[in-house]
Amino acid sequence: MRIYGNRLLKTLPGDLTRPTSAKVREALFNIWQGEVTGCRWLDLCAGNGSMGAEALCREAAFVMGIEKYGKACKIINENWQKIAHDDQEFQVIKGDILKVLKNLDGKKFDRIYFDPPYQSGLYQSVLELIVNHQLLNKTGEIAVEHNPKFWQAIEIKGLTIVRQKNYGNTNLTFYCHSERNN
């Protein structure tokens with residue numbers, strides 16, 4: 001798999017993870033153009049870490065990835081080590097996303113990318129945890145990748161849907177703080 005700057009990433013064999021397509025990655029970074037440099041990025045259900053790697057390539061200051069599979073975490077670490085500059089930080093956390101998010105209480109992120117297994121049923125509970133544990137900066141945004149066949153974007157208390165984009169069977173729904181629109 002290749003990302004920004006024609007950099008090659010390692011991937012896991014098999015279907016343990018489902019990497020975000022190049023078309024969706026490019027679209028997301030075009031939408032968030034100018035917002036990634038210097039930001040704090042959270043990559044939820046990180047897979048092989050391609051979204052976090054893109055964020056590092058585009059000068060994010062800090063990238064955190066959460067992934068439950070140990071082999072995937074090892075590959076994410078390897079990929080991010082190859083890409084990160086000395087002035088960038090990253091952290092990969094192995095664990096169940098619902099438990100890990102509770103332990104991040106009060107850590108703030110400018111951009112959060114959430115791409116769970118489409119049929120996981122994690123969408124609402126993870127978005128609520130982000131709000132309840134105050135993980136999103138007031139001016140930040142969350143992008144949720146989903147297949148509309150398995151989940152339809154809904155309003156979440158404390159979050160507002162600011163845009164939705166469709167790329168074939170893949171949708172991106174963007175949320176911001178409800179307070180940001182006041």
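## Overall layout

Read from the N terminus, the elements of the protein follow the order β-β-α-β-α-β-α-β-α-β-α-β-β-β. That gives 5 helices and 9 strands. The model is a predicted one.

Of the 182 residues in the protein, 52% are buried. Among contacts between residues at least 6 apart in sequence, 65% join residues at least 24 apart.

## Helices H1 and H2

Helix H1 covers residues 22–31 and helix H2 covers residues 50–57; their axes come within 11 Å and cross at roughly 40°. An angle under 35 degrees would count as roughly parallel, and 65 to 115 as roughly perpendicular. H1 and H2 are therefore oblique to each other. The crossing of H1 past H2 is right-handed.

On the H1 side, the residues in contact are Arg-25, Leu-28 and Phe-29. They meet Ser-50, Met-51, Glu-54 and Ala-55 of H2. Sorted by class, this contact has 4 nonpolar, 1 polar and 2 charged residues.

## Helix H5

Helix H5 runs over residues 123–132, and its residues Tyr-123, Val-126, Leu-127, Leu-129 and Ile-130 are buried. These residues lie on the same side of H5, because they cover an arc of only 155° around the axis.

Just after H5 comes Gln-134, which has a positive phi of about 50°.

Terms used. Residues numbered from 1 in each chain as written. Predicted model: local features only at pLDDT ≥ 70, side-chain atom pairs only at ≥ 80, totals over all residues. Heavy atoms only, no water. Buried < 20%, exposed > 50% of the residue type's maximum accessible area, 1.4 Å probe, protein only. Helix = DSSP H or I, 4+ residues; strand = E, 2+ residues; numbered from the N terminus. Arc of directions from axis to C-beta. Axes fitted to C-alpha atoms, helices over the stretch in contact; angles between N-to-C directions. Parallel < 35°, antiparallel > 145°, perpendicular 65-115°, else oblique. Left-handed = near helix turned anticlockwise from the far one by under 90°. Contact = heavy atoms within 4.5 Å. Nonpolar A, V, L, I, M, F, W, Y, C, P; charged D, E, K, R; others polar.
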